[in-house]
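Please find below a short note for a colleague who is meeting this structure for the first time.

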Amino acid sequence: MDSASVGGAATDPNSVNEGPSSAVVTASATPPTVPQQGGAGESSSSPAPPSRYESQKRRDWNTFLQYLKNHKPPLTLARCSGAHVIEFLKYLDQFGKTKVHITGCPYFGHPNPPAPCSCPLKQAWGSLDALIGRLRAAYEENGGRPESNPFAARAVRIYLREVREGQAKARGIPYEKKKRKRSTVNTTAVGVNFSVAATQSIDGGGGSGGGGDYIAGGTSANVATATTAAATATTTNG
């Protein structure tokens, strides 16, 4: 019996050794899946093609650098100011396609003139405004400091505002402010929140947990509306 137990003890280590060996085989069998995952990761991490905005921003930036190089006298980016940016915008007017009527033109202020005129073609205000936005971002992406960004200069903002107002009068097409559109959308959204909050408070009853959680996540106006609706419902039921 002792020898059998010793023999059993002798065989047990072998069985224990087989366990790790099989575990090693299993572990060695799993790594092939890792390269497959890595390959999928490499394909997914491949650089995506630049967006249309990024491509346009790069072209605008290269155009501006070329303009500085051809400037007389040549300018460096470090010495560029808001005045130079305005000169660049005026330089682009020769490539514009927007008819801007002068004050003496009989079609001044007419959005749809009945006949052609000799008024100059310029860059539209919207194109210039978008261009400055891209160049302002490109300047900082290429190492420029925000506080010295010439595209964010006050003089450039004033120039763009003057161009917008001048073209609106000359073309008879007023530019609507985006803030008004946003306020209209926000008002509609808040109105929806009011009705939803009131419905939740009525359906949830007095002190419903779900209704309370929903109202707590809303604004103070939603809380007031839901409370009034709940009070009205209680009075009606009474």
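The points below turn from the chain as a whole to one helix and its salt bridges.

1. The model is predicted. Its protein chain contains 9 helices and 2 strands, arranged along the sequence as α-α-α-α-β-β-α-α-α-α-α.

2. Of the chain's 238 residues, 23% count as buried. Among contacts between residues at least 6 apart in sequence, 61% join residues at least 24 apart.

3. Helix α5 covers residues 125-141 and reaches 25 Å from its first C-alpha to its last, close to the expected 24 Å. Its buried residues include W125, L128, R134 and Y139. The buried residues of α5 pack against α3, α4 and α6. Just after α5, G143 adopts a positive phi of about 100 degrees.

4. The whole structure holds 4 salt bridges. One of them joins R134 to D60, with the closest N and O atoms 2.5 Å apart. This pair links distant parts of the chain, as R134 belongs to helix α5 and D60 to helix α3, 74 residues apart. Both R134 and D60 are buried.

5. E54, K57 and E141 are linked in a network of salt bridges. Between K57 and E141 the closest N and O atoms are 2.7 Å apart; K57 lies in helix α3 and E141 in helix α5, 84 residues apart. Between E54 and K57 the corresponding value is 3.1 Å, and both residues lie in helix α3, about one turn apart.

Technical notes
Residues are numbered from 1 along each chain as its sequence is written. This is a predicted model: local features need pLDDT of at least 70, side-chain atom pairs count only at pLDDT 80 or more; totals for chains, interfaces and linings use all residues. Side-chain values use heavy atoms; hydrogens and water are left out. Helices (H or I, at least four residues) and strands (E, at least two) are DSSP runs, numbered from the N terminus. The expected span of a helix is 1.5 Å times one less than its number of residues. Buried means under 20% relative accessible area, exposed over 50%, partly exposed in between (1.4 Å probe, protein chains only). Contact means heavy atoms within 4.5 Å. A salt bridge is a side-chain nitrogen of Lys or Arg within 4 Å of a carboxyl oxygen of Asp or Glu.
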